[in-house]
2 protein chains.
Amino acid sequence: MKISVLRIGHRIFRDQRITTHCALASRAFGAEEIIIVGDADEKLRKNIEKISSEWGGDFKISFSQTWRDIIKKYSSEGYKIAHLTMYGLRLQDTEKEMRKEKKILLVAGGEKVPPEIYQLADYNISVTTQPHSEVSSIAVFLDHIFQSQELKKDFKNARRKINPAAHGKDIS
Amino acid sequence: MKISVLRIGHRIFRDQRITTHCALASRAFGAEEIIIVGDADEKLRKNIEKISSEWGGDFKISFSQTWRDIIKKYSSEGYKIAHLTMYGLRLQDTEKEMRKEKKILLVAGGEKVPPEIYQLADYNISVTTQPHSEVSSIAVFLDHIFQSQELKKDFKNARRKINPAAHGKDIS
């Protein structure tokens, strides 16, 4: 299963930290890439690329001026569109079906999402039906879809690696 | 199992949004409360209290000038201290054991955590051993400890409730 994340509603400056956390959670929990809708934010891009080169793997970050073109392109390439929204169907009721898909474009919005997205999505998915965060929605969605196998994912070509320790830090 | 979250490293203004997301994820994924170390941030407090009164439940938010007193107090009340850190033992290797506990104080740091916390913690726990976010660490930790039962938690006295929908929004 390949999952790409489409982050919509990113406002440069104001959302930099939340979007950085979205990108890092996407990477850590096994997504291939994040596409951020908005002006290219070079500080954000460099930050993520630096972490990727340090901690390994092939995670990609890119920017797009419009979400519509990305959804169109990915749909035409066989991706199913899953939109994270507190109004959607419950994750626990839909995850089994979604696991049969080969490729998913996971759309994570901010507070205001264009109503059209709800219609374009193959799946509108809610994680808890309570308000929380794009960051936690992305992470818990991926953890469920990958059935926690991503927790032990090996990130290739890492320059730093953690050896899990009961107390303190052990890095190689 | 009762879980309280202790958020350390909160800096007023700079961390307001991330800490808000930490609080909302703590609430949505079944924690009882969040205690934030730092000056009382009234805007943050009001924001969380407003969401709780709208969406139900008894989630509490409070502030403390020092993490040391909170850890001492909760330890003396029988809480085990679980500290979220990318350097800790893997969640998937420790969650079964932790589920036997009755009460956990979950410590979620920012970038710089005092070394003493690693020693005071009964459990140092990593979620993926990769860098991501306090928000996703809290959510995935709680989801594992509660074995996803919190995803269908009923929040009492909610003034608004979502009826999960395949497309669009259905609120009662």
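# Helix packing and chain contact

Me: Is the crossing of α6(A) and α6(B) left-handed or right-handed?
Reply: The model is predicted, with local features needing pLDDT of at least 70 and side-chain atom pairs counting only at pLDDT 80 or more, while totals for chains, interfaces and linings use all residues. Residues are numbered from 1 along each chain as its sequence is written, with chains lettered from A and ligands numbered from 1 in the order in which they are written. A crossing is called left-handed if the near helix is turned anticlockwise from the far one by less than a right angle, and right-handed if clockwise. On that convention, the crossing of α6(A) and α6(B) is right-handed.

Me: How are α6(A) and α6(B) oriented to each other?
Reply: Helix α6 (residues 134–145) of chain A packs against helix α6 (residues 134–145) of chain B at an angle of about 45°, with the axes 8 Å apart (axes are lines fitted to C-alpha atoms, for helices over the stretch in contact, and angles run from 0 to 180 degrees between N-to-C directions). Angles under 35 degrees count as roughly parallel, over 145 as roughly antiparallel, 65 to 115 as roughly perpendicular and the rest as oblique. The relation of α6(A) to α6(B) is therefore oblique.

Me: Which residues of α6(B) make the contact with α6(A)?
Reply: Two residues are in contact if their C-beta atoms, placed from the backbone, lie within 7 Å. From α6(A) come A:V135, A:S136, A:A139, A:V140 and A:D143, and from α6(B) come B:V135, B:S136, B:A139, B:V140 and B:D143.

Me: Which element gives the most to the side of chain B that touches chain A?
Reply: In the whole contact, 42 residues of chain B meet 42 residues of chain A. Among the elements of chain B that each supply at least two residues are α2 (42–55), β4 (80–90) and α1 (16–28) (helices, H or I with at least four residues, and strands, E with at least two, are DSSP runs numbered from the N terminus). With six residues, the element that gives the most is α1(B).

Me: Which C-alpha of chain B is nearest the axis?
Reply: Chain B superposes on chain A by a rotation of 180° with 0.0 Å of shift along its axis, at an RMSD of 0.0 Å (by least squares on the C-alpha atoms of residues with pLDDT of at least 70 in both). The two copies are thus related as by a two-fold rotation axis. In chain B, the C-alpha nearest that axis, 2.2 Å from it, is that of B:S136.
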